[in-house]
Amino acid sequence: WCQGRHVFTIEATPTLRFPEIARRLAANHISTARPAKAVILLRDPIDRAWSHYRMLKGYFPDWERRTFDEAVREELSEIGKGPAGSWRILSEACMRAQSLSPAIERGPDVALGYFDKRYLTSGEYVILVPHFLTAFGRDNVLVVDFKDFVEDTFATTNCVYTFLGIAPLATLNAEPVNVGKAHLKGTTARDALEPETLRDLETFF
């Protein structure tokens with residue numbers, strides 16, 4: 001409540017990867033009478049990985065030289081090593097330190113690779129979402145299907161508004177904005193993967 005009005009503060013993050021993000025966001029509410037809430041928009045994890053890859057190829061073509069299939073197979077192999085995998089070890093180090101310093105200290109290539117070239121781990125929703133349920137409480141977390149948002153933006157937006165305690169909209173301009181010129185636009189994730197890789201990826205998720 002500020003100057004006679006209700007004021008809503010909104011913070012957004014494109015990643016669910018770090019448990020400390022959930023804890024920090026949940027702690028940053030002004031009044032215990034109105035606890036912080038989380039809205040999590042989940043996309044098909046294979047489509048999410050493909051979109052992530054296309055974005056990097058569009059902006060940094062010289063940095064990501066692998067095909068999508070090669071990148072997926074490499075990450076599946078790394079994940080298959082379990083806790084012994086180098087990226088898993090680095091992730092655990094960051095979580096223990098409650099800081100990104102362990103990744104940054106290993107140089108820009110390692111740090112950027114840790115964040116941007118991990119196409120699959122950001123889609124492990126079964127691991128990532130529980131961090132938010134624990135930090136915020138189940139009643140304060142709304143999970144939204146990206147497909148529902150795309151197919152009926154108006155209804156889905158009002159569902160979110162209702163959850164947040166905001167009066168629903170009467171109308172909504174749902175025209176796309178900030179549309180990127182992504183690399184390989186029009187090609188689907190399924191087109192870019194070998195059949196065996198696609199089967200392994202579907203099994204993984």
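Accessible areas here come from the Shrake-Rupley method with a 1.4 Å probe; for residues, only the protein chains shown count as cover. By that method the chain exposes about 13000 Å², of which 56% belongs to carbon and sulfur atoms. This is a predicted model: local features need pLDDT of at least 70, side-chain atom pairs count only at pLDDT 80 or more, and totals for chains, interfaces and linings use all residues. Residues are numbered from 1 along each chain as its sequence is written, and side-chain values use heavy atoms, with hydrogens and water left out.

**Fold**
- The chain has 11 helices and two strands (DSSP runs: H or I of at least four residues for helices, E of at least two for strands, numbered from the N terminus).
- Buried residues make up 36% of the 205 residues (buried is under 20% relative accessible area, exposed over 50%, partly exposed in between; 1.4 Å probe, protein chains only).

**Aromatic pairs**
- The whole structure holds six aromatic pairs (Phe, Tyr and Trp rings, the six-membered one for Trp, with centres within 6.5 Å; planes under 30 degrees apart are stacked, over 60 edge-to-face, the rest tilted).
- Tyrosine 53 and phenylalanine 68 form a tilted pair, 5.2 Å centre to centre with 50 degrees between the planes.
- Tyrosine 53 lies in helix α2 and phenylalanine 68 in helix α3 (residues 68-80), so this pair ties together parts 15 residues apart in sequence.
- Tyrosine 53 is buried at 3% relative accessibility, and phenylalanine 68 is buried at 2%.
- The rings of tyrosine 53 and tyrosine 119 are edge-to-face because their planes stand at 75 degrees, with centres 5.7 Å apart.
- Ring pairs join Trp50, Tyr53, Phe68 and Tyr119 into a cluster.
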